[in-house]
Each structure stands twice: as C-alpha cells, then as structure tokens.
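Please look over the pockets and cores of this structure with me. My notes follow as numbered points.

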Amino acid sequence: MVLKNKFDFVMRNIQMVDLKSQYEKIKCEIDPEITKVIESSAFINGPAVRDFQTELERYLGVKHVIPCANGTDALQVSMMALGLKPGDEVITTSFTFIATAEVIALLGLTPVVVDVNPDTFNIDPKCIRKAITSKTKAIVPVHLFGQCAEMEEIIKIAEEHKLFIIEDACQAIGADYYFDDGTHKKAGTITDVGCTSFFPSKNLGCFGDGGAIFTNDDALADDLRVIVNHGMKLRYYHDKIGVNSRLDSIQAAVLKVKLRYLDEYAKSRRLAADFYDKSFKDHPKLLTPFRYQKSSHVFHQYTLVTKDIDRFAMQDYLQKNGIPAMIYYPVALHMQKAYIDPRYKEGDFPVTEMLCKSVISLPMHTELDEEQLNFITQTVLDFVE
Ligand SMILES: Cc1ncc(COP(=O)(O)O)c(C=O)c1O
C-alpha cells in the first residue's frame, strides 16, 4: 500500500514496528554473522551465544546473563531456580502481558494480582503491601512499556518481608533506574533476578524467539544454567528437573549486532515520543505518557490514555488512513477467562480497569521519520477534535 500524506507526498508505509527498514540499515553487518553461524554449523550453544552473553553482561553491568528460549521461559526458570513451590503466593500486576501470570499459574504457584499506579501503569507498592500474607514468597514487578517500576519502594517491602523480586524487564531492556543515592542500574539487574524477551518487536529483538535471565548471584546463576539445560551440569546426569530452553546461535548472532545499536534505538524511540508528546500536549482528550523521574523511558510502547473517545472508532479511523494502532491491554488479568478467580471481581482494580477501557498505543519504533510522525499526529488530532 502506498500512503499519501496531507501534502500529497508518497510516504513509506507506517507500521506498528518497522523491522524491515531497521534490518535494511544493518543488513551488511547481520548477514555475515548469520552466514558465519551457518558455515560453522554450531547452531546450538555455539560461540555466537557465548559472545552475545559476554557483551550483554558488559552492557548491563551484571555478573551473569543466562540466555534462554524466550521471555516466558526466563520468568518460569527464574521461579524454578528460586525454589518457589506450589501454594506459594506471588504478587504481580493486573496490567501486563499474560506471560507474567501464566508462568506463576503453570508452576502451581498462586498469582496474587494487585492494581497499578495511574501515572506509570506499573505495580503500585501500596497495593503490594496490602496483598502480603504468610504465604507470599515473591513479587514480580513489570517495567511496563519501557519504564521501570517503583523499585526502591518494592525492594524495601521485599526486605521487610523476606521476599524474592523477579523483575519482568521484557519491555524495558536498556532502561536505567536511578536510586535516591545517585547510583543507577539497568532494568532487570536491579534485584535478585531479571528477565527479558528478544521477541522480534522488542527493543532488542532477534529474528525469532529468544530471552535471557540476569543475576549477580553466582549460586543462582549456576542453578539457572542447569535448569535451562534439562537440569544437567554434566551431560546425561540430571541433578534437577529442568526444561529445554536455549537461545540458538543464529539469534545470538543477530542480537550481538543489534546490541551495539540499542542505545541509539532508544534515542530514536525517545525522539518519536517527544514528537507525539508535543503534538498532543494539554489536549483535553489525550493524556500523554508520564515520565517517572527515577527511570529513563525506552518507549517499548507509546501509549495514550483517552478521555471521552470511542477508541475502537479511533483505531478504525487510523487503520483506514494506513496507521496501525494497538490496544495493550484490553482486559485486566483478573478478568481474563482462564484466570477468573473467586477472590477477584470486576471493580477490584479500578486503575487497571480504567486503563483497559481507555488506552491506545501508536506506532513506535526506530524508523519513524518526521513525515510519518506528522501524518500520524495530524490524523489522530483530526479524529479527536
Ligand atoms: C511484559 C512481558 N512479559 C513477558 C513476555 C514474554 O516474552 P516472550 O514472548 O519472549 O515469551 C512479554 C513479551 O511479549 C512481555 O511483554
């Protein structure tokens, strides 16, 4: 499809995430790395995986990166390595992608859902405090849409109640969290263990599925490495019950190249977000994303909260004009069919429920140019005014 903008110029197609244009710019670096893996036939656990692991450890300033098959596995394996057992309660946010709660339920743990902060959309530490019982063993904050949760408050709660923290940093790789003492850490490396996803559309995405776990704890890192590899340290000797969760060498080769661009990519996303912010500033029907002063924002998503707007009609109008827009997320965790629980009912998490009814995410990626951004913002404003 060829789009024409308001001024009748032909414009590149607008995508939610434009991976093709991104690839074209780094094709000359990526293709030889992929070819190298193919020619070596070291498809599993080859040197590319080790190289990427080392480079990511250096970038994040973390002692151990344990690559695995996807972000969902990263969360599951972390919970297994921490020794969480059926019946243990794990507190997480009601406003997230389902994977966060899915693994808790799959392991027979009890997901305890709490509401979010209306500004950041991240788990509300006040709600965490109220949800703690004698069975609570862990908290899973999600750094949603690319901005860190209120980690210092969450760490304080965890220390008081001796709870593990597993950071879901699947949407926030590269974001920095700033502590009150002036130090900072990368998302996913702030607490006991952090998880990320390299799903293609993520800020650091590969050409298939991929994920990783981060920790500074040597003993935990050993356990994580054993569990992702069928529970074995020595081949065919299985000390633990594990899973098969590997990052393959081709994905690692791609990620090794893209990691060099991660900060530049975050900058492009921020510029696009600044453009959107400026265009929608003070609009009575559009609330732009809040910037939390203790975190940088890597804008995995640019999400507006709409007021007095039929956002499905807006999505439709944008689509007809060649602009994709998505609703992340239309249903709160406690209202998902598979997760219906007598402990929860509609109205229990008012902030999440309000967000599920009012958010809409606009195209956000590294390749948006001014012409496209102009067209997107003008089309949104045409609809809302
Ligand atoms: C917040 C969050 N958690 C977990 C995941 C799961 O990652 P993956 O799709 O790599 O399994 C995702 C990915 O979409 C996510 O956004």
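This is a predicted model: local features need pLDDT of at least 70, side-chain atom pairs count only at pLDDT 80 or more; totals for chains, interfaces and linings use all residues.

1. The largest pocket has a volume of about 540 Å³. Its lining counts 20 residues. Asn45, Arg225, Val228, Asn229 and Arg246 lie nearest the centre. At least two lining residues come from each of helix 2 (47-60), strand 3 (64-68) and helix 7 (218-228).

2. The second largest pocket holds about 460 Å³ of space. Here 28 residues form the lining. Nearest the centre are Phe97, Ala99, Gln171, Lys202 and Tyr329.

3. Which helix gives the most to the lining of the second largest pocket? Helix 3 does, with 3 residues. Helix 3 spans 71-81, and helix 4 (99-106) also supplies at least two lining residues. By type, this lining divides into 14 nonpolar, 11 polar and 3 charged residues.

4. Turn now to the interior. In soluble globular proteins, nonpolar side chains tend to be buried together. The largest nonpolar core has 34 residues, of which Ile91, Ile128 and Ile154 touch the most other members. Strand 5 (110-114), helix 5 (125-131) and helix 6 (151-161) each supply at least two residues of this core. Helix 6 gives the most, with 5 residues.

5. What does Ile128 contact, leaving aside neighbours within four places in sequence? The partners are Ile91, Val114, Ile123, Ile139, Ile154 and Ile157.

6. A second core is separate and has 26 residues. Among them are Leu286, Leu362, Leu368 and Val384.

How values were computed
Residues are numbered from 1 along each chain as its sequence is written. Side-chain values use heavy atoms; hydrogens and water are left out. On a 1 Å grid over the protein atoms alone, a cavity is a set of points where a 1.4 Å probe fits but cannot get out, and a pocket is an open set with protein on both sides within 12 Å along at least five of seven lines; lining residues have an atom within 4 Å of a point. Grid points are joined across faces, edges and corners, and a volume is the space filled by probe spheres set on the points. Helices (H or I, at least four residues) and strands (E, at least two) are DSSP runs, numbered from the N terminus. Ala, Val, Leu, Ile, Met, Phe, Trp, Tyr, Cys and Pro count as nonpolar, Asp, Glu, Lys and Arg as charged, and the others, Gly among them, as polar. A nonpolar core is a set of buried Ala, Val, Leu, Ile, Met, Phe, Trp, Tyr and Cys residues joined through side-chain atoms within 4.5 Å. Buried means under 20% relative accessible area, exposed over 50%, partly exposed in between (1.4 Å probe, protein chains only). Contact means heavy atoms within 4.5 Å.
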